[in-house]
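Q: I have a structure to read. Where do we start with side-chain contacts and ring pairs?

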Amino acid sequence: MSQVHALSDDQVEQELRKMTAFIKQEALEKAHEIEIKANEEFSIEKSRLVREETDSIDAAHAKKLKQASMSQQITRSTVANKTRLKVLAARQQLLDDIFAAAAARLSDGTADPARYRVTLKNLLLEGLYALEEPEIQARVRKADYDILRPAITDAEKEYKSNTGFDTKVTIDEANPLPEGSSGGVVIVGGQGKIEINNTFDERLLLLQSSSLPAVRRTLFGENPNRKFYD
């Protein structure tokens, strides 16, 4: 049987020193591991925060750029629309001035009685051919009665020569055209139910409507945005 020998005080102290040194070394290594892990986690968290902040700054910058671009587009579009409206208004004013000038000269068509008589005859004939009735009424200004009477005679003769039918045109003195009218004649048929307005004012309105596209092209050129034409 082996014998157990008691440790001396020096031996006990030496063992304690060994145990203390081991524990201390373990503690230092553990502390080092904790520090390394903490540093790694700190670096990872710092990188994440930096990345998030960078993404946030990039997103805010992109948003501002987009807003600035949209604002610029809106401003450009607003300016373009205002400019376009000003151009259209100026063009319309020019067209209005042209037709207003034409309207102001309508009365020139009545200045020469001989020429005005021929004009009234031709305007009457248009109505006679359209209505093809034996009795027709004509309305003119009171100032035009003396010129209208021979024009009626001329129109009746020419109508019969071209159609072989007689027609009788009388002046509707109960309903003369306003003295402010520029001239011309209104032909009434169908027992007063049909009116053909061949006054200068009405003919100018018809001309304005029918010739407006051509006038626009002549003054301003072709519209590049227009795809269809009448």
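A: Start with a definition. A polar contact is a pair of N or O atoms within 3.5 Å; within protein, one must be able to donate a hydrogen and the other to accept it. Keep in mind that this model is predicted.

Q: Which backbone oxygens does the side chain of Thr167 reach?
A: The side chain of Thr167 reaches the backbone oxygen of Glu133 at 2.8 Å. The backbone oxygen of Pro134 is reached at 3.5 Å.

Q: Where is Thr167 found, and is Thr167 buried or exposed?
A: Thr167 is in the loop between helix H3 (145-163) and strand E2 (168-171). Buried means under 20% relative accessible area. Thr167 has 9% relative accessibility, so Thr167 counts as buried. Leaving aside residues up to four places away in sequence, Thr167 touches several others, including Leu128, Ile136, Glu156 and Tyr159.

Q: How many aromatic pairs does a search of the whole structure find?
A: The search finds two. For the geometry, planes over 60 degrees apart count as edge-to-face. Tyr116 and Phe200 form an edge-to-face pair, with 5.9 Å centre to centre and 65° between the planes. Tyr116 sits in helix H2 (residues 113-131) and Phe200 in helix H4 (residues 200-220), 84 residues apart. Tyr116 is buried at 0% relative accessibility. Phe200 is buried too, at 12%.

Q: What about Tyr129 and Tyr159: how do their planes lie?
A: That pair is tilted: 5.6 Å centre to centre, 35° between the planes. Tyr129 lies in helix H2 and Tyr159 in helix H3, so the pair ties together parts 30 residues apart in sequence. Tyr129 is partly exposed at 33%, whereas Tyr159 is buried at 4%.

Terms used
Residues numbered from 1 in each chain as written. Predicted model: local features only at pLDDT ≥ 70, side-chain atom pairs only at ≥ 80, totals over all residues. Heavy atoms only, no water. Helix = DSSP H or I, 4+ residues; strand = E, 2+ residues; numbered from the N terminus. Buried < 20%, exposed > 50% of the residue type's maximum accessible area, 1.4 Å probe, protein only. Contact = heavy atoms within 4.5 Å. Phe/Tyr/Trp six-rings, centres within 6.5 Å; stacked < 30°, edge-to-face > 60°.
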